[in-house]
Amino acid sequence: MATDKPDVLLNVSRDPSATAAEVSPRGPDSPPASDMVWIPRGTFLMGSDHHYPEEAPAHRVTVEGFWMDSHTVTNRQFGRFVAKTGYVTLAERPADAADYPGAKPEMLLPSSTVFESPDHPVDLGNHYNWWIYVQGANWRHPQGPGSSIKKRPDHPVVHVAWEDVAAYAQWIGKELPTEAEWERAARGGLDGAEYAWGDEFTPGDSWMANTWQGDFPIENLKLDGYVGTAPVGSFPPNGYGLMDMIGNVWEWTSDWYQAHAETSHACCTVESPRGGDRERSYDPQLTDVRIPRKVMKGGSHLCAPNYCRRYRPAARMPQAIDTATSHLGFRCIVRA
């Protein structure tokens, strides 16, 4: 979906290692699909030493070229997959009690996690003040029973767990990006820039991504024009022609979560890293239920200046593979 917002001039230098092929919108061959763009091989500074501890240390990484979906997978696209295959997402199925010892029976019913804005100030240290487990919430009903995607075919599909996105990727003949591939693509050739478009959050007073303005989680001023998800392509693309790499919805990557400090030879350039180890990705605070976690990237429409300033390429969070939410989606790649 094309944006009607004007382009914004960027005051950030491109990656000094960029070649003519890198700044060209065309790849070495025809794209595998009409809505994919070429991300050229290159070296970039991954992570950040200036924000959240899980982003450090910043380190040089090289990735090979690949094709990437220009936008996150939409409700329309995911619906086509479901119609062709009869696939049922994890949120639409009851959970196996054997996997969750001691869980209340109602927590095992088909459900998913939905954001609900409280009507009064709350403790920002407790995310259960705004995340609610809703029976009947799934990709067709993002806010639960009674909600619908009929008028949102071009919004990102949400409430998709890891096995759901992996199934879609396999069906369509693509893959999920690694964290390094995702971050390389999100930067759009701007090495070391704070955001996917430069170093200013709102250059020229223009909103560049769907994020939260106001006092999270109780007040959304909607200055960017949206509450909740926006149709894909509602904001200007980055330097590679990718839409919504920042904000709107978080995006799954294929990497098992690990600290950046655990990346081998983090002091030197790392070639095409493939992430961590499944067994070491578990949340150390959950000793009874060991659920492996993947890295998610990009932030969402819930990221705000007073909470979760993760609307940046370097930002990263662990996401349990059995959990779907109302602010998490995905996009796919094809490696050259």
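**Exercise 1.** How many aromatic pairs does the count come to in this predicted model?

*Solution.* Start with the cut-off: two rings pair if their centres lie within 6.5 Å. By this rule, you get 24 aromatic pairs.

Next, find the partners along the chain. F216 is in the loop between α4 (179-187) and β7 (250-256), while Y307 is in the loop between β9 (293-297) and β10 (316-320). They're 91 residues apart, so this pair links distant parts of the chain.

**Exercise 2.** Sort F216 and Y307: is each one buried or partly exposed?

*Solution.* Buried means under 20% relative accessible area. F216 has 2%, so it counts as buried. Y307 has 26%, so it counts as partly exposed.

**Exercise 3.** Which residues do ring pairs link into a cluster?

*Solution.* Look for F78, F81, Y87, W139, Y168, W171 and F330: ring pairs join them up.

**Exercise 4.** Where does K294 lie, and where does the charged end of R310 sit?

*Solution.* Begin with K294, which lies over the face of W256, 3.6 Å from the ring centre. Then try R310: its charged end is over the ring of Y52, at 3.6 Å from the centre.

**Exercise 5.** How many residues of α4 are buried, and what follows the helix?

*Solution.* After α4 comes G188, with a positive phi near 60°.

Technical notes: Residues numbered from 1 in each chain as written. Predicted model: local features only at pLDDT ≥ 70, side-chain atom pairs only at ≥ 80, totals over all residues. Heavy atoms only, no water. Phe/Tyr/Trp six-rings, centres within 6.5 Å; stacked < 30°, edge-to-face > 60°. Helix = DSSP H or I, 4+ residues; strand = E, 2+ residues; numbered from the N terminus. Buried < 20%, exposed > 50% of the residue type's maximum accessible area, 1.4 Å probe, protein only. Lys NZ or Arg CZ within 6 Å of the ring centre and 35° of its normal.
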